[in-house]
Amino acid sequence: WNRNMMKDEAKKKVITYGTFDLFHQGHYNLLKNAKALGDYLIVGVTTEHFDEARGKVNVVDSIMERIDNVRKTGFAEIIIEDHDGQKIEDIQKYGVDIFTVGSDWIGTFDYLNSFCKVVYLDRTPGVSSTILRASKHNIVRLGIVGTGRMAPRFISEAKYVSGITIDCAYNPVKESADRFTDRENIACYTDKYEDMLMNVDAVYIASPNETHYDYTKKAILAGKHVLSEKPISFTRNESEELYKLAKDNSVVLMEAVKAAYCPGFQQLINIAKSGKIGHIVDVEASFTRLADPESRERKDVQYGGAFLEFGPSVLVPVIKLMGEDYEGVSFDSVYDDKGVDIYTKADVRYKNGFATVKTGVGVKTEGQLVVSGTKGYIIAQSPWWLMKQFDVRYEEASKVEHYELRFQGDGLRYEIGDFISKINGTDKKDYKLTAEESVLMSEFIELFMKEKERKKYLKVRD
């Protein structure tokens with residue numbers, strides 16, 4: 001085949017690459033349109049190893065199944081992609097005239113213009129059905145609630161997760177919705193939230209904090225799976241209600257605290273719990289960012305601020321390592337002239353230990369995670385929530401165990417992958433962030449908000 005393909009120099013050759021996992025209509029359309037660009041289409045199907053190396057998560061089908069589904073279209077001859085730099089090699093080796101890929105990768109492969117013409121094909125909106133065979137797993141049609149800074153990051157990371165298509169979004173503010181549609185080429189509902197829910201299987205909620213509970217509840221009652229940004233609610237009772245509703249309606253509910261789903265963080269937790277550093281007596285975690293003074297977290301007195309923005313993130317390692325049976329918690333905050341907490345420290349007391357967490361939107365500190373034990377300690381340097389390495393250290397200074405960890409992108413792909421796996425039943429365990437742990441985080445949020453109101457009342461009274 002290679003000899004015949006290379007012999008026919010008169011034909012215009014087109015090449016594309018992909019995982020082609022859970023083969024669906026969008027894949028079929030892309031290959032059909034790619035073939036229409038020339039006379040001869042070559043398709044590089046990625047190996048499992050290369051998928052993992054480039055950050056693709058949650059691949060379900062074996063490489064043989066993926067090759068077979070591409071072959072069944074009748075559009076292409078197939079090669080295997082298994083290493084970086086292969087695209088340039090293949091373009092030169094086969095005398096390729098056009099490299100093409102979906103428009104969600106616009107700009108990524110412009111460097112190939114030095115070797116051939118690069119064409120980005122429009123994505124297929126509303127992909128909802130499989131083709132050629134009955135799939136073991138459905139393609140999850142997802143809608144995004146909220147079109148702020150998290151939405152484009154989610155869209156970018158979702159490209160690395162199998163079994164998901166982002167069909168639409170929702171924002172009741174029409175101007176914001178229109179800007180999102182123009183930027184992302186994704187339809188955005190602006191009227192009834194229920195209209196969007198009718199056309200999706202799941203939602204990712206990235207709207208302002210005070211709307212998470214209501215949007216989540218409505219989605220669950222409509223039978224939709226939910227991945228909600230933190231905090232999922234402001235009270236323990238509300239979170240308990242949501243998880244019970246999810247169970248009663250047989251849908252997946254997850255709180256999007258991305259650190260909890262990252263491979264490196266899970267490894268750190270497992271090592272700490274193994275007894276390697278002895279009995280754990282203290283956890284310190286910090287997460288701060290100098291937010292734009294005009295941003296919601298800096299301007300919203302009631303629902304913005306440091307602890308509502310980053311509290312759930314820093315509480316995850318505390319709850320994971322120290323447990324749920326805390327004896328008390330105290331909060332200390334620095335407020336700006338509007339009354340927004342720009343820096344909050346929480347001290348959590350346990351029977352045989354304690355923990356300290358720091359959050360900031362207007363104050364910056366070292367963003368590290370330190371776990372102290374009776375035999376040694378673990379330190380993950382800033383930014384620990386994007387954990388790529390950590391050390392286990394002991395009394396003897398020269399004794400250091402260094403761990404290099406897998407981490408791709410900005411980490412969202414791991415929580416998205418877990419979400420899709422749970423929906424399709426390939427991962428029924430929720431040990432990475434349990435419902436009980438999520439509910440406890442809401443309890444801490446509730447206690448913080450009560451303390452904030454109490455201090456506000458005392459200030460007014462004085």
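1. A helix, in the numbering used here, is a DSSP run of H or I of at least four residues, counted from the N terminus. In this predicted model, helix H10 is followed by serine 250, whose phi is positive, near 55°.

2. Helix H10 covers residues 236-248, and at 1.5 Å a residue its 13 residues should span 18 Å, which agrees with the 18 Å that separates its end C-alpha atoms.

3. The buried residues of H10 are Ser239, Leu242, Tyr243, Leu245 and Ala246. Viewed down the axis of H10, these buried residues fall within an arc of 160°, and they therefore line one face of the helix. As background, an α-helix has 3.6 residues a turn, so residues three or four places apart point the same way. The face of H10 that is turned away from the buried side carries the exposed residues Asn237, Lys244 and Lys247.

4. Turning to the pockets, the second largest pocket holds about 910 Å³ of space. Its lining comprises 41 residues, of which Arg149, Met150, Ala206, Arg296 and Glu309 are the closest to the centre of the pocket.

5. Several helices contribute to the lining of the second largest pocket: H6 (150-158), H7 (174-184), H9 (212-221), H12 (296-299), H13 (306-322) and H14 (412-423) each supply at least two residues. The largest share, four residues, comes from H7.

Key: Residues are numbered from 1 along each chain as its sequence is written. This is a predicted model: local features need pLDDT of at least 70, side-chain atom pairs count only at pLDDT 80 or more; totals for chains, interfaces and linings use all residues. Side-chain values use heavy atoms; hydrogens and water are left out. The expected span of a helix is 1.5 Å times one less than its number of residues. Buried means under 20% relative accessible area, exposed over 50%, partly exposed in between (1.4 Å probe, protein chains only). The arc is that of the directions from the helix axis to the C-beta atoms. On a 1 Å grid over the protein atoms alone, a cavity is a set of points where a 1.4 Å probe fits but cannot get out, and a pocket is an open set with protein on both sides within 12 Å along at least five of seven lines; lining residues have an atom within 4 Å of a point. Grid points are joined across faces, edges and corners, and a volume is the space filled by probe spheres set on the points.
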